[in-house]
2 protein chains.
Amino acid sequence: MARTAAALIIGNEILTGKIQESNMRELAAELFALGISLERVVICRDDVDVIAADLADLRRRYDLVFTTGGVGPTHDDVTHRAVAQSFGRRLTRVPELELLIRTALGDRCTEGHLLMADLPEGATLISSHEVRWPTVVIENVFVLPGLPKVFRLKLPGLREHLRGDEAPFLSRAVYTLCDEGELAKPMAEVAARHSDVSIGSYPVTDRADYRVKLTIDGTDPHSIERAATALRAFIPRDKLVEMEE
Amino acid sequence: MARTAAALIIGNEILTGKIQESNMRELAAELFALGISLERVVICRDDVDVIAADLADLRRRYDLVFTTGGVGPTHDDVTHRAVAQSFGRRLTRVPELELLIRTALGDRCTEGHLLMADLPEGATLISSHEVRWPTVVIENVFVLPGLPKVFRLKLPGLREHLRGDEAPFLSRAVYTLCDEGELAKPMAEVAARHSDVSIGSYPVTDRADYRVKLTIDGTDPHSIERAATALRAFIPRDKLVEMEE
């Protein structure tokens, strides 16, 4: 069985419409390529009790949980405190991180900067070449930053750590000028006959060359190919669009 | 008390990293301007039981719930079925929608197209000038499409429907060249003294003219102004950045 995963995105700035969340797609694509099934994403407020409760729920239900956001030193960065609460642990200053901060900042270092060295007791640190600051892991919870530039840099280092026995997920696409109403009935039959793959149907409004993109996801290339052939078979030839995926 | 809201984003295409979700920011900004507090967003799979369970939870905990996605006619569009299940209602063909589809498509109309006219029993339809297809409402649940172009067109029509007694949320920003470590301690004190507003701190990595954006959210302009003045007071003059918000 493929491992399951969930993500907890922490940040008032997303729930008030100030910024466009953009880390999730990167994480989703990374997990897809690893064969890990991302089942759920929750976006919540910067609130210790809310985060702790969500985390308690998610880490019980899914094999892996990723949090993003709230790991800076300011009053609204409460993720580490919430993670500690969720696991019933205390926050403790990590000497290795304190040294990292003191070395980087020298005389500029303040107690405010050092707050970033306070982690839940027993946290594991994963180092990577790409980012000096390690990734914090507590049991099955990976605590990641919200800043997209830093988040993205952390993914390659995590990849090897996350790789398991799963076959990677693969995806193929079929493009058509049919609309979804025309496709609905025959596609439902194909989907029912090919239950070893997952077939999705996505209309677009901004393209002249096709109207619907059909996707076939799975782990076995032959199963995917068989389902793609079955989909192409019922689409009228003049409405089947050949294009690079 | 301001009403609370949650959103349920339905779609495998988001959880597999195929597309960047973009409706949530629009909805969040809309609710913020109306003074409605968006507390939580959940992204889930195209699975009837999962959607029905999530919806049962969210509509009990929040005043308003918005779903996006899964309202087309294909096999992976299961939102209306899941909403019906969550409310213990049946799906039933709505004559008004059937007529809309038959009129629009004429001879091209198939049973596949008409599947879009099947809604949970007792659903209310909200019409607007911007989109011919009405918005479906069942009690406190608003069922919205996932297609960003259509989603966006629906918001103005919903605005008047959602407007209540709440004062709109307002937001001001203060920009600084300080880093978050320098800001942490004094800002925490300001946040504690100004608990009638919500102060956020957001570092950026892609700007030369400032390093951190501080935001002050609230409903009372005077409270916001007082907190902004208190924040500006502790930032060294040469690190305070004057700019249009």
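These questions and answers cover the chain pairing and helix packing of a predicted model.

Reader: What rotation superposes chain A on chain B, and what kind of axis is that?
Author: The shift along the axis is 0.0 Å, and the RMSD is 0.0 Å. The rotation is 180°. That is therefore the relation of a two-fold axis.

Reader: Which residue of chain A has the C-alpha nearest the axis?
Author: The axis in question is the one that superposes chain A on chain B. The nearest C-alpha in chain A lies 2.3 Å from that axis. It belongs to A:Val42.

Reader: Why do the copies meet through the same surface?
Author: Compare the interface residues of chain A with those in chain B. The copies meet through the same surface because the share of chain A's interface residues that are also interface residues in chain B is 100%.

Reader: How much area is buried between chain A and chain B?
Author: Interface size is often given as the accessible area lost when the parts come together. Here carbon and sulfur atoms give 54% of the buried area. The area buried between chain A and chain B is about 4,800 Å².

Reader: Which three residues supply more than any other three of the area that chain A buries against chain B?
Author: Together they supply 13% of the area that chain A buries against chain B. They are A:Lys18, A:Arg25 and A:His75.

Reader: At what angle do helix 3 and helix 4 of chain A cross, and how is the pair classed?
Author: Helix 3 spans residues 48–61 and helix 4 spans residues 79–87. Their axes come within 8 Å and cross at roughly 55°. That makes helix 3 of chain A, relative to helix 4 of chain A, oblique.

Reader: Is the crossing of helix 3 and helix 4 of chain A left-handed or right-handed?
Author: Helix 3 of chain A passes helix 4 of chain A. The crossing is right-handed.

Reader: How do the residues of that chain A contact divide by class?
Author: Helix 3 of chain A contributes residues including A:Val48, A:Ile51 and A:Leu55. From helix 4 of chain A come A:Val83 and A:Phe87, among others. By class, the contact has 8 nonpolar, 2 polar and 3 charged residues.

Reader: What is the angle between helix 3 and helix 4 in chain B?
Author: The axes of helix 3 and helix 4 of chain B come within 8 Å. Helix 3 of chain B passes helix 4 of chain B in a right-handed crossing. The angle is roughly 55°.

Reader: How are helix 8 and helix 9 of chain B oriented?
Author: Helix 8 covers residues 180–193 and helix 9 covers residues 221–234. Their axes are 10 Å apart, at an angle of about 155°. Angles over 145 degrees count as roughly antiparallel. Helix 8 of chain B is therefore, relative to helix 9 of chain B, roughly antiparallel.

Reader: How many charged residues are in the contact of helix 8 with helix 9 of chain B?
Author: Helix 8 of chain B brings B:Leu183, B:Pro186, B:Met187, B:Val190 and B:Arg193. Helix 9 of chain B brings B:Ala227, B:Ala230, B:Leu231 and B:Phe234. The contact has 8 nonpolar residues and no polar ones. The charged count is 1.

Terms used:
Residues are numbered from 1 along each chain as its sequence is written. Chains are lettered from A and ligands numbered from 1 in the order in which they are written. This is a predicted model: local features need pLDDT of at least 70, side-chain atom pairs count only at pLDDT 80 or more; totals for chains, interfaces and linings use all residues. Side-chain values use heavy atoms; hydrogens and water are left out. Copies are superposed by least squares on the C-alpha atoms of residues with pLDDT of at least 70 in both. Contact means heavy atoms within 4.5 Å. Axes are lines fitted to C-alpha atoms, for helices over the stretch in contact, and angles run from 0 to 180 degrees between N-to-C directions. Helices (H or I, at least four residues) and strands (E, at least two) are DSSP runs, numbered from the N terminus. Angles under 35 degrees count as roughly parallel, over 145 as roughly antiparallel, 65 to 115 as roughly perpendicular and the rest as oblique. A crossing is left-handed if the near helix is turned anticlockwise from the far one by less than a right angle, and right-handed if clockwise. Ala, Val, Leu, Ile, Met, Phe, Trp, Tyr, Cys and Pro count as nonpolar, Asp, Glu, Lys and Arg as charged, and the others, Gly among them, as polar. Buried area is the accessible area (1.4 Å probe) that two parts lose on being put together, summed over both.
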